[in-house]
Amino acid sequence: MTELNIYGQGLGKSLPDWQPKSAPQKVILKGKFCLLEPIDVKHSQDLFEAWHSIDDERDWTYFHIKRPQTIRQCDHYIASLSASKDPLFYAVIMATTGKAVGFVALQRIDPDNGAVEIGWINWSPLMKRTLCSTEAIYLLLDYVLGTLQYRRCAWKCDSLHEAAIKAAERLGFHYEGTLRQQQISKGHSRDTRWYSIIDSEWGVINHAMHLWLNSANFDDRGRQKQSLSAFMGLTSN
């Protein structure tokens, strides 16, 4: 039943014990297949090589800039990311190689309301469709919703970015709506889709990701036995 004030107006759920949360920090988040560490110019060479492991820029269509064409441009770009506090950037280091293969950020950081957004997701071709790509997002979700006890973690993407939409839905993010003509990106109109995971949903999603990332879920060739969406369905029953 909705709580009403003295004027008969509806109010959201009362949170009498709520306290502002700590802001995310430049910490190292370790997983089995990758680790996240604060981005630094030392990651520039690895990222430059990873981004140029293919000859075209298909992975940059929906990103805010074009792919750096020289190592000097890459150094300058990574240095600017390293200096930022919001967004707060992390390099994704693949455990098997020890090399940076992508980066991601926490942004719109709002400790007072316990809300944050995962954004700036930049996976190189070396990282796509690997266990590393799922675990990197899991590590961030576990950090903000688990360790820091935030109430909300958002995800947004271009409404035409099919890979990002599929990723958000696969990872358990709930579709909230589309902001029409929200942005002009590289000279083109962009509608933006918004997704979120809230604290009450994290337990189920956390458990499903644990089950999916478990080595028992993969055969000798590294192929999954059950999909993440299947585990999401099993744990929600």
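The questions and answers below take up these topics in turn.

Author: This is a predicted model, in which local features need pLDDT of at least 70 and side-chain atom pairs count only at pLDDT 80 or more, while totals for chains, interfaces and linings use all residues. Residues are numbered from 1 along each chain as its sequence is written, and side-chain values use heavy atoms, with hydrogens and water left out.

Reader: What volume does the largest pocket have?
Author: A pocket here is found on a 1 Å grid over the protein atoms alone, as an open set of points where a 1.4 Å probe fits, with protein on both sides within 12 Å along at least five of seven lines, and lining residues have an atom within 4 Å of a point. Grid points are joined across faces, edges and corners, and a volume is the space filled by probe spheres set on the points. For the largest pocket this volume is about 1200 Å³.

Reader: Which residues that line the largest pocket are the closest to its centre?
Author: The lining of the largest pocket divides by class into 17 nonpolar, 13 polar and 11 charged residues, where Ala, Val, Leu, Ile, Met, Phe, Trp, Tyr, Cys and Pro count as nonpolar, Asp, Glu, Lys and Arg as charged, and the others, Gly among them, as polar. Of these 41 lining residues, the closest to the centre are Ile121, Trp155, His161, Ala163 and Ala164.

Reader: Which element gives the most to the lining of the largest pocket?
Author: Helices (H or I, at least four residues) and strands (E, at least two) are DSSP runs, numbered from the N terminus. The elements that give two or more residues to the lining of the largest pocket include β6 (100-110), α3 (131-147) and α4 (162-170). The most, seven residues, comes from β7.

Reader: How many charged residues are in the lining of the second largest pocket?
Author: The second largest pocket holds about 220 Å³ of space, and among the residues that line it are Lys13, Trp18, Leu145, Tyr150 and Asp199. By class its lining has five nonpolar residues and two polar ones, and the number of charged residues is four.

Reader: How many Å does helix α5 reach from its first C-alpha to its last?
Author: Helix α5 covers residues 199-213 and has 15 residues, and those buried in α5 include Trp202, Ile205, Met209 and Trp212. The expected span of a helix is 1.5 Å times one less than its number of residues. For α5 that expectation is 21 Å, and its reach is close to this, at 21 Å.

Reader: Which residues does the cis peptide bond join?
Author: Most residues other than glycine have a negative phi, and most peptide bonds are trans. Pro87 is found in the loop between α2 (71-83) and β5 (88-94). The cis bond, with omega about 10°, joins Asp86 and Pro87.

Reader: What is the phi of Trp120?
Author: Arg108, in strand β6, has a positive phi near 50° although it is a residue other than glycine, and at 49% relative accessibility Arg108 counts as partly exposed. Trp120 is placed in strand β7 and is partly exposed, with a relative accessible area of 26%. The phi of Trp120 is also positive, near 55°.

How values were computed
Buried < 20%, exposed > 50% of the residue type's maximum accessible area, 1.4 Å probe, protein only.
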